[in-house]
Amino acid sequence: MISADIMTRSMSEVLGWPLLNFVWQGALIASISAILFALCRNARPHLRYLIACIAMLLCLLWPVLSIVQQWQAPQTLSLEAALQLATNTAIALDLVWIKESAFVAGIGACLPFIVSVWSLGVAIMMLRLGLGLLWVHKLGAQHATGTLADASSTWQCRANRLAHKFGIQRQVTLQFRQQLFSPITYGCFKPVILMPASLLSGMSYDMIEALLAHELGHIKRWDYAVNLLQNLVLSLLFYHPAVWWLSRRINTERELIADDLAISAVGHARPLACALQALDKLESGVLYRPGLAANGGDLLSRIRHLIRPDAQPWHWKMASPVLGIGMALLLLMQMPMMATADMTMPEHPAEPTAIDGNVSNANTANNAVARKTVYVRTQSEHVLVMDEQTGQVLMDKDADAIVPIASISKLMTAMLIVDAGLDRQEKITITKDDAAVWNTRQIMLKPGQVLTRQSLLELALTASSNIAAKALARTYPGGEPAFIDAAQKKISQLKLQQTQLVEATGISTQNRSSAKDIAKLVMAAAAYPELSRLSSRSEGAVSIDGTLQKYQSSNALTANQDWNISLSKTGYSKAAGRCLAMRMNIGGKPVVMVLLNARNLDARDGDVMNIRAAMLPTTAS
């Protein structure tokens, strides 16, 4: 049976990538909005309000669209999951490889944690919104008594006349409350205006009327409904500063529009400006209100807008959002792209493989079988698995790409030394030039130390010592130039058309090849019994200046005798990543595996183990 999580899309992937992508998307939306605000700085607030609302709506729709696309996109499987699917079904799989950088893979591993933190944040924000709504509605549901009831009744008549003047058909309820420091409006179909009781004694009639007209302006425009949607977006995307900035900008422009409507209703701006100035002196007793408060936005800017609406000059800081656009594009380049590489799986393999599921005999491969396309990501960027006897490619991921190969170059170095027929017991002294290259920590070779050529060959192959490989090339007949010439001839002889070697150790990034060429190199090296013996050992010992020093193989997999590894060579550099070329026996058949540019040892060895485990049932049948 196939585990349920193989074919089920992870919710952390469906939500996680859109949430992370919104980091650059939100920055881009905010930056473009800021430029538009600057261009419309002297226009009516209605235009800026529309821009801010559209930007906030985009902040919601873009992640939602990304989630839909993520859900509908082809499910990507790990190599382990794909091979498990292949070995447990009778479906022939056509693999499409997904290129995935180490950066993206690292983020992908954190997606469950990221989604969990986001979910917790959304829960807190929704609780905050719910408590605010509950507080406002409980406050509005209280019944006023005494003086407040009389004041509410008196001002209700004025509110009804102003509502009629605004063309508001809904019944508007006006109440005065002791707990408030600023007017609040809530409700869509049955709107309620709550006014602070302190206004009755602290403000003149025309000032209170101006504030009441301001609140009715919100009701006329259905601003409460927009405010609820705005708070919903803020709760869902709370982690992005751009959403908070856009929300504040919506509040600012909304208040300016309501101010303009109030002026048109009462006839002049001074009473409203004086009322706002008085509100500014009052302290707010509530940290958060989901309703619409008259002291919202920047009060100083609002008063200036009412009394002296001067044109705003252009300032160089208004162009700073261009930097935000650049940063958003930079983040975009780091986000995951589902770029697929060509898949070269054989359409009709000569015999059953792990890719074609559990097939009882070779003739079944010729019958019509159900086929399924799966999208697979491996930890290694370039993979080639080949049946050495038939030459059949069992698995091929971007195997033609020419990339740095690091210490896999030492397979060629070892073959040239054996081909030259040099005295293996000749003693060689390590020089300063030899020791100048990066050394393995297992055997710390130093200038002046004396080793036999055989010991150097062992250290170069098994322990992957760069100093040993350097000394072997230096003492090659004719020196290193002659060694490089011999390497070029060997490359031509083996018909390695995608291989270039400029030195013996693999330190140079100019030592380049492809997985296909390395597979040919492995088969050629396997024809040398001495190289097979040395490279397949898990440990060894050499005599250095009369002292026996032990070392371990650079490939820890050779320690497992059940794996039947007959040749192995690892490689590592920053440019090449973790590489491995190996010849092993699986189910009685020699198989060549080449894996290049894995991000770490565990990733590379994990690919090898998954491939071997999947091939065992089919090769043994």
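User: Where is the place of Ala-406?

Analyst: Helices (H or I, at least four residues) and strands (E, at least two) are DSSP runs, numbered from the N terminus. Ala-406 belongs to the loop between β11 and α14. This is a predicted model, in which local features need pLDDT of at least 70, side-chain atom pairs count only at pLDDT 80 or more, and totals for chains, interfaces and linings use all residues. Residues are numbered from 1 along each chain as its sequence is written, and side-chain values use heavy atoms, with hydrogens and water left out.

User: What is the phi of Ala-406, and does the residue count as buried or exposed?

Analyst: The phi of Ala-406 is near 50°, which is positive in a residue other than glycine. Burial is read from relative accessible area: under 20% is buried, over 50% exposed, and anything in between partly exposed (1.4 Å probe, protein chains only). Ala-406 has 1% relative accessibility and therefore counts as buried.

User: How many residues of helix α14 are buried, and what do they pack against?

Analyst: Helix α14 (residues 410-419) is mostly covered, with 8 of its 10 residues buried. These are Lys-410, Leu-411, Met-412, Thr-413, Ala-414, Met-415, Leu-416 and Ile-417. They pack against α16 (453-461), α17 (466-474), α18 (479-493), α19 (515-526), α20 (529-535) and β17 (565-573). After α14 comes Gly-421, with a positive phi near 65°.

User: At what angle do helix α9 and helix α10 pack?

Analyst: Axes are lines fitted to C-alpha atoms, for helices over the stretch in contact, and angles run from 0 to 180 degrees between N-to-C directions. Helix α9 (residues 223-236) packs on helix α10 (residues 241-266) at about 170°, with the axes 10 Å apart. Angles under 35 degrees count as roughly parallel, over 145 as roughly antiparallel, 65 to 115 as roughly perpendicular and the rest as oblique. The two helices are therefore roughly antiparallel.

User: Which residues of α9 and α10 make the contact?

Analyst: Contact means heavy atoms within 4.5 Å. From α9 come Asp-223, Val-226, Asn-227, Gln-230, Val-233 and Leu-234, and from α10 come Val-243, Trp-244, Ser-247, Ile-250, Asn-251 and Arg-254. An α-helix has 3.6 residues a turn, so residues three or four places apart point the same way. The residues of the α9 and α10 contact divide into 6 nonpolar, 4 polar and 2 charged; here Ala, Val, Leu, Ile, Met, Phe, Trp, Tyr, Cys and Pro are nonpolar, Asp, Glu, Lys and Arg charged, and the others, Gly among them, polar.

User: How do the axes of helix α2 and helix α3 cross?

Analyst: The axes of helix α2 (residues 11-39) and helix α3 (residues 45-72) cross at roughly 155° and come within 8 Å. This makes α2 roughly antiparallel to α3. Their contact comprises 20 nonpolar, 4 polar and 2 charged residues. Ser-66 is placed in α3, and at 9% relative accessibility Ser-66 counts as buried. Apart from neighbours within four places in sequence, Ser-66 contacts Pro-18 and Gln-25.

User: How many helices and strands does the protein have, and what share of its residues is buried?

Analyst: The protein has 21 helices and 19 strands. Of its 621 residues, 51% are buried.
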